[in-house]
Amino acid sequence: MPDHPTRGPVTPQPAKILYCRCAYAKVIAPDVKDEVLERLTRSGVAFEAVPDLCEMSARRDPALKRLAAEDEIRIAACYPRAVKWLFSAAQAPLTKDPVEILNMRVDGAGTVVEGLLEGVSKAEESS
Amino acid sequence: MIAPKSPLRIGLCRNGGRSLPGDDRHYDLARSLLDKGYAVSVLRSDSRVEDLQDGAWLLLGHFGREKPLPASGNGNGHELHFRDIEGLETSQILKTVEEVQAETELPDPGGWKPWFPVIDYNRCTNCMQCLSFCLFDVYGVHEDKIQVQHESNCKTDCPACSRVCPEVAILFPKYKSGPINGDVVRQEDIQREAMKVDISALLGGDLYGSLRKRQTEARQRFSTERDESRALLERKKCLRKLKKDFDIPDEVLMSLPSAGDIQERAERAKAKLAARQERSRTVKDSRPAPTEDDWGI
């Protein structure tokens, strides 16, 4: 198995996982966002982590369009209504189904990680 | 406006499909990079160069003797950099990242607390109250639809425009409490926000208008009574009310535009309106021409 990005064939990608660090504000409990990140990195799955979805939205970051176009995406961030309209404001509406948004402002790390990794670990391991 | 260019993106490449370079240190590395404002992708072991999109990338990993590609190159039209980080501590890796970032001349990550309104178009009725209320030109209109156009003009920690929205359609995702932070809007929230609007109405239609009126009155009193302290007291009283009812931070109250600025803004809005009305007359347009009320003038 190669240890770096290659130009070879690729196996089907399971649900895309996106983690928002909310780095520029203190609205998400540090222990929750730290634990979610730690468990994600230790899980062995591929994921994308961004410093701050708000900042990306304000910058109309093209990555948001790419993420919104994913067949299946799970997002660990804040309130679903806020995430939905942040993507929309960046001209990258989350129109595909299913989109799962897990709220680190409200839910504990365990709930969020379970939601993110449900069914994903196995898909990753089999790839 | 916010710099539209994305900062350098970091890709962490796997070893053997299970662990990241640095083994137990990968969590620390990812966390440190994120807190410095870098987006981080933990890549699948079979990720392809073609999968890397959205700008310049720095790939970190244990590449061994064989480099996946030249140390710096171009993949799929995107700028790619590779650094072998075997044996490096997190602090050394961060230094490497900073060096590559400096080489790329991309905008530095971070540096701005992203505080700005986000419109929930499922609730927005396009009433334009936010546009009329905001004195910092955060809002604009595109094809007759209200939009947030100048996010960086917004005053950090000020949620005032969301308070005047009668439909609770304006979010500030980093606000402390719901429904402004994006939490579900409940019936009692709508009633509470309606009460806020009522307070605004009681003060004479809009709070800034009220503030200006009080300032004018205070000035008149000052000119007739020479009572400077009373005028100041009046101003302070009004500012306290703004602060309390709309949760407006002191910094924002201190940076309110001057009467001249407000006048200039009103003139600009009138000029835009006149242009729109003119266009409605000359271009075949079935929609009625906007009125001054539509534009909050």
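Which residues does Leu86(A) touch, not counting residues up to four places away in sequence? Keep that one in mind, everyone, and I'll come back to it in a moment.

First, a word on what we're looking at. This is a predicted model, so let's begin with confidence. Chain A has a mean pLDDT of 86, with 84% of its residues reaching 70 or more. Among the elements of chain A, helix 4 has the highest mean pLDDT, 98, while helix 6, residues 120–126, has the lowest, 52. Where pLDDT is low, the predicted coordinates should not be read in detail.

Now the layout. Chain A contains 6 helices and 4 strands, and from the N terminus on they run β-α-β-α-α-β-α-β-α-α. Of its 127 residues, 48% count as buried. Looking at contacts in chain A with a separation of 6 or more, 79% come from residues 24 or more positions apart.

On to the core. The largest nonpolar core holds 95 residues, and those touching the most other members are Tyr19(A), Ala76(A), Val83(A), Leu86(A), Ile10(B) and Val40(B). Helix 4 of chain A, residues 80–89, gives the most to this core, with 6 residues. In soluble globular proteins, nonpolar side chains tend to be buried together.

Leu86(A) touches Leu53(A), Cys54(A) and Ser57(A), along with Val118(B) and Pro173(B) from chain B, leaving out residues up to four places away in sequence.

How values were computed:
Residues numbered from 1 in each chain as written. Chains lettered and ligands numbered in written order. Predicted model: local features only at pLDDT ≥ 70, side-chain atom pairs only at ≥ 80, totals over all residues. Core = buried A, V, L, I, M, F, W, Y, C linked by C-beta atoms within 7 Å. Buried ≥ 20, exposed ≤ 12 C-beta atoms within 10 Å, placed from the backbone. Helix = DSSP H or I, 4+ residues; strand = E, 2+ residues; numbered from the N terminus. Contact = placed C-beta atoms within 7 Å. pLDDT = per-residue confidence, 0-100.
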